[in-house]
Amino acid sequence: MSFGSPYVTLPDFAYHRPKSLDEALALLKEHGEEAKVMGGGVGLIAFMKERLMSPAHVIDVKEVPELRQVRHVPGKGLSIGAAVSIKELLEGGTLRGYAVLEEALARVADPMIRSRATLAGNLCEAIPWVDSPPALIALGASVEIAGTGGTREVPVSGFIRGPVDIDLNPGEIVTGIMLPDPKGTLSAFEKFTAGSEFSLASVAVALAGGGRKRSVAMVYGAVSSTPVRCAEAEQAVADGLTPANVRRAADMASEKVECVDDVLASAAYRRHLVKVITTRVLRRMMSA
Amino acid sequence: MREITVRVNGQERKRLVKDNELLLDFLRERLEVRSVKAACWRGECGLCTVKLGDHLVKSCLVLAVEADGKEVETVEGITPDGELTPIQKAFVSHGAAQCGFCTPAWVLATHELLQANPHPSEAELTEATSGLVCRCGTYNQIREAVEEVSQARPRLAKENLASS
């Protein structure tokens with residue numbers, strides 16, 4: 001029996017479904033660079049069809065109980081297990097206090113994809129137009145990683161090293177994403193798409209604290225090869241969301257955020273979109 | 001090759017599959033469930049949609065081995081013997097199928113939506129079916145079909161209260 005066309009078959013691999021984190025780590029140690037971890041699989045299966053990845057071993061961690069948890073870590077924040085689907089995260093107010101992430105995830109692809117896809121998978125793809133990384137960076141989130149030598153935690157901003165390039169060594173696995181306690185953080189997400197699921201520009205904003213202690217994070221996605229913060233725009237709204245400050249922030253962002261030319265949009269169009277989405281997101285936050 | 005057991009439309013099916021076989025291929029080629037269509041192969045058109053466990057999924061983005069021990073439902077599974085479901089009848093009366101290629105996926109998705117939410121708003125319908133494509137462009141007729149089924153259903157007392 002032969003199936004489909006050569007373009008839509010998958011490369012040969014051995015499938016593994018570990019039942020514990022230890023078992024998954026042992027498989028990763030055994031197979032090293034030959035192995036790929038699969039969560040929801042929507043990214044990995046698509047990459048394999050295009051032969052962008054051809055692992056000899058696929059390790060499906062969907063049923064690893066340690067990766068299926070969402071838990072509050074006192075004094076630290078909310079730890080989201082790597083195998084929790086985006087659909088599960090959007091249900092039951094799990095992301096209350098993290099509006100920027102909730103808004104970004106609610107618009108990832110479509111409901112059928114979201115019932116499979118995971119936040120960790122979305123992040124690990126590190127594709128420039130993916131929406132969760134800017135939101136995670138704005139919230140100051142970090143990535144929890146386990147290897148046979150122990151665990152480590154790195155900020156999302158450092159985890160993404162470049163397009164499709166992440167700080168994860170062979171033998172290591174992302175076990176979860178840690179969101180710091182929101183402590184009254186006001187946040188929001190905005191993106192612009194041209195009728196496809198690919199963002200042409202996105203912005204994630206988080207405002208924490210008040211008065212002189214106020215901290216602002218404005219992170220732009222899909223405009224460059226990795227998410228970029230814009231200190232000048234952040235500075236423009238540091239003393240409050242007023243109509244004049246919002247205008248200044250939008251102008252600064254449009255001028256300072258580095259935008260690339262590619263098949264989806266020109267740099268000039270992206271700079272225009274940066275201004276539009278900055279204005280939209282900050283105005284929405286003003287009236288919140 | 002390994003043997004998997006999948007309950008498809010209420011019937012237990014055991015087959016040998018390859019580790020790298022898609023659920024789409026397993027259903028179409030090994031079980032000959034031809035209502036599940038192969039079109040874009042990249043999770044964009046949604047015509048290979050099936051219900052896996054409790055969720056609708058695009059079967060071109062799922063491995064057959066992932067369905068081992070699970071339940072799969074396709075449009076055949078929602079149709080009572082010798083009859084049509086209300087949404088199928090409404091698809092017929094509103095001409096919501098033109099070439100018909102995408103119809104099984106749309107029927108399954110709108111059926112599932114109406115099960116979970118008997119009176120979906122237009123926005124809820126658009127969101128629930130945003131992963132499906134109809135190249136003939138029968139979106140308006142599909143919306144009318146869903147509205148007809150929704151309106152024919154009695155509203156719960158609290159819904160009447162909310163809308164009055």
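Colleague: Which residues line the second largest cavity?

Modeller: Bear in mind that this is a predicted model. The residues lining the second largest cavity are Ser35(B), Val36(B), Leu47(B), Thr49(B), Thr74(B), Val75(B), Pro104(B), Ala105(B) and Leu108(B), and helix α4 (residues 103-116) of chain B supplies the largest share of that lining, with three residues.

Colleague: What is the volume of the second largest cavity, and how does its lining split by class?

Modeller: The volume of the second largest cavity is about 40 Å³, and its lining has six nonpolar and three polar residues, with no charged ones.

Colleague: Which domains does the lining of the largest cavity draw on?

Modeller: Domain 2 (65-180) and domain 3 (186-286) of chain A each give at least three residues to the lining of the largest cavity. The C-alpha centres of domain 2 and domain 3 of chain A lie 21 Å apart, with 19 residues of domain 2 of chain A in contact with 20 residues of domain 3 of chain A. The domain assignment of chain A also gives a domain 1, covering 14-60.

Colleague: Changing topic to the sheets, what is the strand order in the five-stranded sheet of chain B?

Modeller: The order is β2-β1-β5-β3-β4 (chain B), in an open sheet with mixed pairing. At the edges stand β2 (11-17) and β4 (55-58) of chain B, each with a single partner strand, so one side of each has no neighbour in the sheet. From one strand to the next, the twist averages 40 degrees.

Colleague: How many bridges join β1 of chain B to β2(B), and what packs on that sheet?

Modeller: Strand β1 (residues 2-8) of chain B is joined to β2(B) by seven bridges, and the two run antiparallel, with Arg2(B) opposite Val17(B) in β2(B). Helix α1 (residues 23-30) of chain B packs on the sheet, touching β1, β2, β3 (49-52) and β5 (71-73) of chain B, and its direction makes about 105 degrees with that of β2(B). Helix α4(B) also packs on the sheet, where it touches β3, β4 and β5 of chain B, and its direction makes about 40 degrees with that of β3(B).

Colleague: And what is the pairing in the open sheet of five strands in chain A?

Modeller: The pairing is antiparallel there, in the order β4-β5-β10-β6-β7 (chain A), and the edge strands are β4 (70-73) and β7 (150-155) of chain A, each pairing on one side only. The twist averages 25 degrees from one strand to the next. Strand β5 (residues 77-81) and strand β10 (residues 173-180) of chain A pair over five bridges in the antiparallel sense, and Ile80(A) stands opposite Ile177(A) in β10(A).

Methods. Residues numbered from 1 in each chain as written. Chains lettered and ligands numbered in written order. Predicted model: local features only at pLDDT ≥ 70, side-chain atom pairs only at ≥ 80, totals over all residues. Heavy atoms only, no water. Domains from an automatic or database assignment. 1 Å grid on protein atoms, 1.4 Å probe; cavity = no way out; pocket = protein on both sides within 12 Å on 5 of 7 lines; lining within 4 Å. Points joined across faces, edges and corners; volume = space filled by probe spheres on them. Helix = DSSP H or I, 4+ residues; strand = E, 2+ residues; numbered from the N terminus. Nonpolar A, V, L, I, M, F, W, Y, C, P; charged D, E, K, R; others polar. Pairing = 2+ DSSP bridges. Axes fitted to C-alpha atoms, helices over the stretch in contact; angles between N-to-C directions. Contact = heavy atoms within 4.5 Å.
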